[in-house]
Every structure is written in structure tokens, then in C-alpha cells.
Amino acid sequence: MAEKWFEDLPEDFFESEADRAYRESFAQIRKGLEEGLGFDDACAAVEIKDEDLRKQIITDMLKVIIAEEHFAKKIPLEELAGRLKVQPEVLETAKLSMFEDIEKGGQVVV
């Protein structure tokens, strides 16, 4: 079978800069959390020049963690807040924001 023109391209060649920033930032935050950092400290290492994009990535990462840990694994928000070293209100606010996103027709991606 003939080789296609794109077979030699890197796997992330068609990935947008924003998608790449999300992927790399999520990995960096997860690594920090695995090393025992709190959520805020893990996020502090994310270096993105576009501050709006940086804030959106951090907000979305928190929502992903809530979806994975609280909704999927049934970990109480109080316990999750302790592990992430954030106030429970931070998680409650993010959780409410997730529901608002869904009500507006948005999609929460996990």
C-alpha cells in the first residue's frame, strides 16, 4: 500500500496551539499533584503567555478533576479539597460552573 503524505508528520502536527497548551498544561498539573503539590502550586508551574488561556486551562483542569474524582469515583468534595489543598468552596463553585456550562448547552469534557 502506498505511503500517505502525512505518515511521516509528528503525531501532534495538526493540533492547534491551544490544544497543545491544554494537553501539556494538564500533564504538568497532574504531575505536580502526583508529587504532592496542592492544586494552586501545581498550577503555578503552568507558563502560558496568554493569561486568559492560562486561566481557562486551570479552570477546566479543576472541572476535570471534579468529574474524575467526585462524580466518577464518588470522592466527597471535602476530601478532595483536602487532597488538592484548596477550600471546599472552590470546588463547590467549580461544580456549579460545570452545571451552568451544561445548562447553556456546553459540554464538559473528561
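## Helices H3 and H5

Helix H3 and helix H5 (residues 88-103) pack with their axes 10 Å apart and at an angle of about 95°. Axes here are lines fitted to C-alpha atoms, for helices over the stretch in contact, and angles run from 0 to 180 degrees between N-to-C directions. The angle makes H3 roughly perpendicular to H5; angles of 65 to 115 degrees count as roughly perpendicular, under 35 as roughly parallel, over 145 as roughly antiparallel and the rest as oblique. Helices are DSSP runs (H or I, at least four residues), numbered from the N terminus.

From H3, Leu62, Lys63, Ile66, Ala67, His70 and Phe71 meet Val90, Leu91, Ala94, Lys95, Ser97, Met98, Phe99 and Asp101 of H5. Contact means heavy atoms within 4.5 Å. Nine residues of this H3 and H5 contact are nonpolar, two are polar and three are charged. Ala, Val, Leu, Ile, Met, Phe, Trp, Tyr, Cys and Pro count as nonpolar, Asp, Glu, Lys and Arg as charged, and the others, Gly among them, as polar.

## Basis of the model

The model is predicted: local features need pLDDT of at least 70 and side-chain atom pairs count only at pLDDT 80 or more, while totals for chains, interfaces and linings use all residues. Residues are numbered from 1 along each chain as its sequence is written, and side-chain values use heavy atoms, with hydrogens and water left out.

## Helices H1 and H3

The axes of helix H1 (residues 17-34) and helix H3 (residues 51-72) come within 10 Å and cross at roughly 55°. H1 is therefore oblique to H3. Their contact involves residues of H1 including Ala18, Tyr22, Ser25 and Leu33, and residues of H3 including Leu53, Ile57, Met61 and Glu68. By class, the contact of H1 with H3 has 11 nonpolar, two polar and three charged residues.

## Ser25 in H1

Ser25 lies in helix H1. Its relative accessibility is 4%, so Ser25 counts as buried (under 20% relative accessible area; exposed is over 50%, partly exposed in between, with a 1.4 Å probe and protein chains only). The Ser25 side chain reaches the backbone oxygen of Ala21 at 2.7 Å. Not counting residues up to four places away in sequence, Ser25 touches Val46, Ile48 and Ile57.

## Arg54 in H3

Arg54 is in helix H3. With a relative accessible area of 16%, Arg54 is buried. The side chain of Arg54 reaches the backbone oxygen of Val46 at 3.0 Å. Leaving aside neighbours within four places in sequence, Arg54 is in contact with Cys43, Ala44, Val46 and Ile48.

Technical notes: Helices (H or I, at least four residues) and strands (E, at least two) are DSSP runs, numbered from the N terminus. A polar contact is a pair of N or O atoms within 3.5 Å; within protein, one must be able to donate a hydrogen and the other to accept it, and residues adjacent in sequence count only if both atoms are side-chain atoms.
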